[in-house]
Amino acid sequence: MTDTAPLFDRVAIIGIGLIGSSLARALTEYGVARSVVCADRSIDVCAKAMELGIVEMATTEIPVAMDGADLVVLCSPVGSFAEVGEAIAPHLREGMIISDVGSVKQAVLRDIGPHLPDGVHLVPGHPVAGTEHSGPEAGFASLFQGRWCILTPPPGTDAGAVEKMTALWRRIGSTVEIMEASHHDRVLAITSHLPHLIAYTIVGTASDLEETTKSEVIKFSAGGFRDFTRIAASDPVMWRDIFLNNREAVLDTLQRFTEDLTALQRAIRWGEGQQLQDHFSKTRTIRRSIIDAKQA
Ligand code: NAP
């Protein structure tokens with residue numbers, strides 16, 4: 001097989017929103033699949049996906065989308081995976097690869113794993129890429145370029161299936177890392193889930209304050225607040241599902257964060273300037289290393 005030959009005959013995307021439509025576009029644009037179809041629970045979203053020319057066929061019926069597919073990728077919110085797992089179960093065929101793009105990974109093993117018979121390969125994935133927008137109009141083929149995609153195949157997964165999914169993500173511009181689902185969930189709790197929780201909290205607090213004190217939070221938002229509002233504009237359903245499905249790791253991380261916040265609070269109260277300055281200097285170097293790693 002040459003590097004440009006399609007890796008899959010027919011890919012079925014379940015849920016054609018921001019990530020699903022970006023993946024569908026990329027699979028076509030970079031020649032990864034001969035054909036890309038989708039299933040979405042909303043007839044309007046299906047119509048939009050067809051109108052935008054993102055997929056060859058769009059349907060509200062999951063079995064119709066799975067017909068002839070050699071790869072099925074779940075791109076709906078993590079909270080829908082148990083229901084989607086039940087819907088795909090009767091239509092699985094030997095040799096099929098089942099994957100997903102969910103932001104939480106242990107939940108995939110829990111919700112999809114039990115439905116898969118021997119000979120069907122589960123290779124969960126998480127592209128660490130996205131925007132605060134939702135829906136098929138928001139997607140674009142280059143979303144995954146230069147970004148990480150983390151694959152979390154359970155122990156014993158067919159090596160050929162893992163290789164094929166690795167090749168898929170590489171072909172559409174991502175760097176692939178393979179790790180255990182539980183490790184993924186702990187790492188993302190601090191790098192993604194906690195920052196979102198903090199942003200949701202700050203923006204909520206500021207909006208309450210603006211109402212009660214009639215202050216000018218929006219007007220002077222460029223002082224730092226504005227960056228949080230972008231994160232806090234992320235999809236509410238997606239983030240509800242992430243917190244409910246990565247509860248343990250998020251609560252552990254939140255506990256550590258609360259202790260560290262209390263230490264800073266104490267330094268401010270007691271006028272411990274050196275401690276504050278040392279802390280802020282340390283965090284500044286983290287920003288520099290993110291820039292050096294081209295992840296800024
Ligand atoms: P999105 O734009 O809201 O798209 C999700 C789509 O799935 C919507 O069209 C939704 O329909 C549909 N859907 C919901 N339940 C379904 C079901 N049971 N069957 C079929 N379709 C269903 O969301 P997204 O941002 O693309 O996120 C999708 C997945 O990617 C999530 O698992 C998320 O954790 C993961 N992810 C997101 C990002 C990001 O930054 N956004 C990054 C990495 C990974 P309705 O509109 O009718 O609900």
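**Close-up 1. Backbone atoms of Leu 18, Ile 19 and Gly 135 sit by ligand oxygens**. In this predicted model, an oxygen atom of the ligand lies 2.9 Å from a polar backbone atom of Leu 18. For Ile 19, the spacing between a ligand oxygen and a polar backbone atom is 2.8 Å, and for Gly 135 it is 2.9 Å. A polar contact here is a pair of N or O atoms within 3.5 Å; within protein, one must be able to donate a hydrogen and the other to accept it, and residues adjacent in sequence count only if both atoms are side-chain atoms. On its own the ligand has 890 Å² of accessible area, and the protein covers 86% of that (areas by the Shrake-Rupley method with a 1.4 Å probe; for residues, only the protein chains shown count as cover). Helix 1 (18–29), helix 4 (81–88) and strand 7 are the elements that give two or more residues to the shell around the ligand. Helices (H or I, at least four residues) and strands (E, at least two) are DSSP runs, numbered from the N terminus.

**Close-up 2. Here is the shell of 27 residues around the ligand**. Which of them come nearest? They are Ile 19, Asp 40, Arg 41, Ser 76 and Ser 103, where a residue is near if one of its heavy atoms lies within 4 Å of the molecule or strand in question. By type, the shell splits into 12 nonpolar, 12 polar and three charged residues (nonpolar: Ala, Val, Leu, Ile, Met, Phe, Trp, Tyr, Cys and Pro; charged: Asp, Glu, Lys and Arg; polar: the others, Gly among them).

**Close-up 3. Lys 105 and Asp 100 pair up in a salt bridge**. Their closest N and O atoms are 2.7 Å apart; a salt bridge is a side-chain nitrogen of Lys or Arg within 4 Å of a carboxyl oxygen of Asp or Glu. The whole structure has six salt bridges. Are these two partners buried or exposed? Lys 105 is buried at 0% relative accessible area, and Asp 100 is buried at 2%. Buried means under 20% relative accessible area, exposed over 50%, and partly exposed in between (1.4 Å probe, protein chains only).

**Close-up 4. Glu 132 and Arg 230 form a salt bridge of 3.9 Å, N to O**. Glu 132 belongs to the loop between strand 7 (125–127) and strand 8 (148–151), and Arg 230 to helix 8 (residues 225–231), so this pair ties together parts 98 residues apart in sequence. Glu 132 is partly exposed at 22%, and Arg 230 is partly exposed at 47%.

**Close-up 5. Glu 51 and Lys 48 share helix 2 (residues 43–51)**. They're three residues apart, about one turn of the helix, and their side chains meet in a salt bridge of 3.4 Å, N to O. Glu 51 counts as exposed at 61% relative accessibility, while Lys 48 is partly exposed at 23%.

**Close-up 6. Asp 235 caps the N-terminal end of helix 9**. A side-chain oxygen of Asp 235 lies 3.2 Å from the backbone nitrogen of Val 237. Buried residues in helix 9 (residues 236–245) include Trp 239 and Phe 243. The buried residues of this helix pack against helix 5 (106–111), helix 7 (181–213) and helix 10 (247–269), with contact meaning heavy atoms within 4.5 Å.

**Notes on the model.** Residues are numbered from 1 along each chain as its sequence is written, and side-chain values use heavy atoms, leaving out hydrogens and water. As the model is predicted, local features need pLDDT of at least 70 and side-chain atom pairs count only at pLDDT 80 or more, while totals for chains, interfaces and linings use all residues.
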